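Please keep the sequence and the model in view while reading.

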Amino acid sequence: MVSRKKAKGKARKAAKGKEKQSLSADEPQVELDTQMQRLRLEDLLLNNAAQQNAVDEKVQREQQMLRRLNNTGKCLHGLVPKPGGDICNRFVVEFAEEYNQAIFSGSKLLRALDTARNATELEYAEVYNDKAKLEWVVSNYLFHGTQRVMDGCKEHGPGVNASFALFFEELIAVELTKSRPMTHYSKMIELQLTDIHTTVSFLKKRIPCCCLNEKYKQVKSIKKMGFCCNSHCSQPDGMFERSSLLCCTGCDLMSYCSSKCQRADWKKHKFICRK
């Protein structure tokens with residue numbers, strides 16, 4: 001008969017043996033997991049490097065375009081070019097890239113703007129905290145929007161640039177100078193989704209030149225459109241002629257197609273309305 005002490009010793013040896021076997025069996029999986037993590041990290045670094053190279057190329061192309069326009073006496077619509085290595089040159093390109101990626105990933109317009117800001121705010125804190133730099137960013141997007149209108153762009157390109165300009169105008173007013181209590185998000189959406197009259201009018205009021213005067217004459221007969229801020233509006237696209245919309249008297253920022261839609265949206269709007 002085996003003594004209790006010997007039995008315990010054999011049990012410990014058996015347990016150690018099983019543990020070693022278990023560790024040996026897990027080693028290939030652990031090694032595989034490590035290799036996969038390393039490959040994912042390498043892919044991430046490569047993707048980041050490729051993205052940075054793409055941004056660098058776009059910055060260079062923009063600098064070349066501005067030099068070409070400047071050298072040929074073309075109007076830059078109030079934009080004063082920055083030196084090649086200035087941080088603002090890279091920022092305007094990278095912000096637009098992050099926004100486009102968010103849109104392609106399925107984000108809606110305002111969510112994409114917030115995503116672009118979140119993706120760039122840490123690296124470009126110097127820009128976000130400097131009023132003069134942000135004003136230059138605004139003038140850059142105004143230039144591109146104006147140039148696209150003059151080039152006959154029929155897509156939403158001019159409206160996108162205009163909405164970027166407004167986004168940073170609002171950022172300056174609401175967060176830096178505190179001259180406005182709230183951000184005019186609905187106007188940003190209108191600039192991208194409605195009519196060319198709205199876009200041209202917005203740009204024309206902000207550039208110091210008269211380059212859009214003739215274009216404005218061509219589009220001013222187009223009815224300005226706006227949208228109802230009630231997300232559950234019965235109109236499928238929520239679009240209405242601007243003159244028919246009712247503006248919230250509490251904040252002057254939100255518009256509705258009817259008092260019914262305004263009441264329906266009040267549950268959400270009351271938390272941000274000044275009234």
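Contact here means heavy atoms within 4.5 Å, and helices (H or I, at least four residues) and strands (E, at least two) are DSSP runs, numbered from the N terminus. The model is predicted, with local features needing pLDDT of at least 70 and side-chain atom pairs counting only at pLDDT 80 or more, while totals for chains, interfaces and linings use all residues. Residues are numbered from 1 along each chain as its sequence is written, and side-chain values use heavy atoms, with hydrogens and water left out.

**Helix α2 against helix α3**

- Helix α2 (residues 87–104) packs with helix α3 (residues 109–120) at an angle of about 135°, their axes lying 8 Å apart; axes are lines fitted to C-alpha atoms, for helices over the stretch in contact, and angles run from 0 to 180 degrees between N-to-C directions.
- The two helices α2 and α3 are therefore oblique to each other, given that angles under 35 degrees count as roughly parallel, over 145 as roughly antiparallel, 65 to 115 as roughly perpendicular and the rest as oblique.
- Residues of α2 including Phe91, Phe95 and Tyr99 meet a set in α3 that includes Leu109, Leu113 and Arg117.
- By class, this contact of α2 with α3 has 10 nonpolar, 2 polar and 3 charged residues, where Ala, Val, Leu, Ile, Met, Phe, Trp, Tyr, Cys and Pro count as nonpolar, Asp, Glu, Lys and Arg as charged, and the others, Gly among them, as polar.

**Helix α2 against helix α6**

- The axes of α2 and helix α6 (residues 157–176) cross at roughly 110° and come within 12 Å, which makes α2 roughly perpendicular to α6.
- Phe91, Phe95, Ala96 and Tyr99 of α2 make the contact with Val160, Phe164, Phe167 and Phe168 of α6, and by class this contact has 8 nonpolar, no polar and no charged residues.

- Gln147, placed in helix α5 (residues 131–150), counts as buried at 16% relative accessibility, and, leaving aside its neighbours within four places in sequence, Gln147 is in contact with Cys75 and His77.

How values were computed: Buried < 20%, exposed > 50% of the residue type's maximum accessible area, 1.4 Å probe, protein only.
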